[in-house]
Amino acid sequence: MKKQGYYSSGVFAHMAHVTLRTIRYYDKQNILKPSFVNESGARFYTDEDFARLQQILLLKYLGFSLEDIKEMIIDDSDYHYMINSLHIQRKLIQDRIEQMQLVEKAIQDTTEVIETHHNIDWSQMLNLIHLTGMEKSMKNQYQNASNISSRINLHHLYSQNKEGWFSWIYSQCEFDDNMKVLELGCGDGTFWIENQTKLPKHIQITLSDISEGMLRDAHRSIGHDDSRFSYSCFDCSTIPYDDNSFDLVIANHVLFYCSDIPAICQEVCRVLKPNGTFICSTYGKDHMKEIRQLVTDFDDRIVLSAKKLYDVFGLENGNEQLAPYFSQIELKHYDDELIVPDSEPLISYILSCHGNQNQYLINHYKEFRAFIQKKIQYGIHITKDAGIFICR
């Protein structure tokens, strides 16, 4: 018996312009399961399944393996999730276009060398070979970009402070013309995108990150024509700039991910000009504690972060870690909270965390979704415990 709004496997495959064998293979591989199986074993699919198939086919087109794809997508038709996924997919396409342009340039340069000198420049050919392997980093880039987007999205939607986090940080920086600024771990550049129109015209800003993919996202979003910005990929424990280079160094939610905070502080002191300022943000121990409790109530094996980031570098212990390197340290708290009435952005946030949650949630997603929906049916209050250290 066929249910209303459901398509048989054959009709679904025909509408999606793939073979029935492909649909059956995705089912067998647990990548795209049917939404309904009748008593005779016939499989049926829905419009929501088309959304998932769209993601699968696009990621496959970009060169990802089915094992990679299984880790990169989840069965969720909520429009918040789908819009976020489409944005990330668009970035992947843009990255692939840029990579192929680099490959084209390498082929052209190699051809010109052969035609001019009648021999092969093996270094050029090796560069071409390395370029064609760049897609290996795209899976991590996709996941990192998706995770950052999910975390920012929850705060954008439900923060109660009318002055958003990035606007508040901006107000603490005291930007001025002719300043030289360095950001460590810029991510996708959201801080600068949100404040771009406020920036002085003659400021010089260097954005850095350990991920080339993040830097590409930031550069693309800020725009290639904004000459105030330059970009550099490096580990912030070894900053490749001269002493006394910058008036301001910013590290927004970065230090608690670093293994050698003293080395970073030493490097920041070295590259800061006399009377320069270092602004670094972090969390306190109560930050988002209600979310931690929610997932523990569902499955007490879940830990949303392999480390308690506030123990590594937090509002409670940050001053003592910074004190050996800076003579003046001021702590400022950001006054805010979340009131979340919807489950989907909250679930996306949970799945974006750095812990072991996906190990326990991916195969129980519908059950977990129903659990969260029941728990927050009247809304949920979430504590935000964040702030900055202003160091001179």
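Among contacts in the protein between residues at least 6 apart in sequence, 79% join residues at least 24 apart; contact means heavy atoms within 4.5 Å. This is a predicted model, in which local features need pLDDT of at least 70 and side-chain atom pairs count only at pLDDT 80 or more, while totals for chains, interfaces and linings use all residues. Residues are numbered from 1 along each chain as its sequence is written, and side-chain values use heavy atoms, with hydrogens and water left out.

The protein has 17 helices and 12 strands. These are DSSP runs numbered from the N terminus: helices are H or I with at least four residues, strands are E with at least two. Of the 392 residues, 49% count as buried. Buried means under 20% relative accessible area, exposed means over 50%, and partly exposed lies in between (1.4 Å probe, protein chains only).

**The sheet of 7 strands**

- This open sheet has the order S6-S5-S4-S7-S8-S12-S9, and its pairing is mixed.
- Two strands pair if DSSP finds at least two bridges between them.
- Strand S6 (229–233) and strand S9 (329–334) are the edge strands, and each pairs on one side only.
- Neighbouring strands of this sheet are turned by 20° against each other on average, direction ignored.
- Axes here are lines fitted to C-alpha atoms, for helices over the stretch in contact; angles run from 0 to 180 degrees between N-to-C directions.
- Strands of a sheet pair through backbone hydrogen bonds, either parallel or antiparallel.

**Strand S4 and its partners**

- Strand S4 (residues 180–184) is mostly covered, with 4 of its 5 residues buried.
- S4 pairs with strand S5 (residues 204–209) in the parallel sense, over 4 bridges.
- Leucine 182 has threonine 206 in S5 as its bridge partner.
- From S4 the chain crosses through helix H9 (residues 190–195) to S5, and this β-α-β crossover is right-handed.
- Right-handed has a set test: with the strands pointing away from the viewer, the path from the first strand over the helix to the second runs clockwise.
- S4 is also joined to strand S7 (residues 246–252) by 4 bridges, and these two run parallel.
- Leucine 184 stands opposite alanine 251 in S7.

- Strand S8 (residues 272–283) pairs with strand S12 (residues 386–391) in the antiparallel sense, over 6 bridges.
- Tyrosine 283 faces alanine 386 in S12.
- Helix H8 (residues 165–173) lies across S7, S8, S9 and S12, and runs at about 15° to S12.
- Helix H11 (residues 261–271) packs on the sheet and touches S4, S7 and S8; its direction makes about 145° with that of S8.

**The sheet of 3 strands**

- The order of this open sheet is S1-S3-S2, with antiparallel pairing.
- Strand S1 (7–8) and strand S2 (36–37) stand at the edges with a single partner strand each, so one side of each has no neighbour in the sheet.
- S1 and S3 run antiparallel and are joined by 2 bridges.
- Tyrosine 7 stands opposite tyrosine 45 in S3.

**Tyrosine 45**

- This residue lies in strand S3 (residues 43–45).
- Tyrosine 45 counts as buried, at 1% relative accessibility.
- Not counting residues up to four places away in sequence, tyrosine 45 touches several residues, including Gly5, Tyr6, Phe12, Ile23 and Pro34.
- Serine 8 is 37 residues from tyrosine 45 along the chain, yet their C-alpha atoms are separated by 6.4 Å.

**Buried positions in two helices**

- The buried residues of helix H12 (residues 289–298) are Glu290, Ile291, Leu294, Val295 and Phe298.
- Seen down the axis of H12, these buried residues fall within an arc of 135°, so they line one face of the helix.
- That arc is taken from the directions from the helix axis to the C-beta atoms.
- Aspartate 217 sits in helix H10 (residues 212–222) and is buried at 1% relative accessibility.
- The side chain of aspartate 217 makes a polar contact with the side chain of arginine 220 (3.2 Å).
- A polar contact is a pair of N or O atoms within 3.5 Å; within protein, one must be able to donate a hydrogen and the other to accept it, and residues adjacent in sequence count only if both atoms are side-chain atoms.

- Most residues other than glycine have a negative phi.
- Asparagine 178 has a positive phi near 70°.
- Asparagine 178 lies in the loop between H8 and S4 and is exposed, with a relative accessible area of 58%.
- Asparagine 275 has a positive phi of about 70°.
- Asparagine 275 lies in strand S8 and counts as exposed at 77% relative accessibility.
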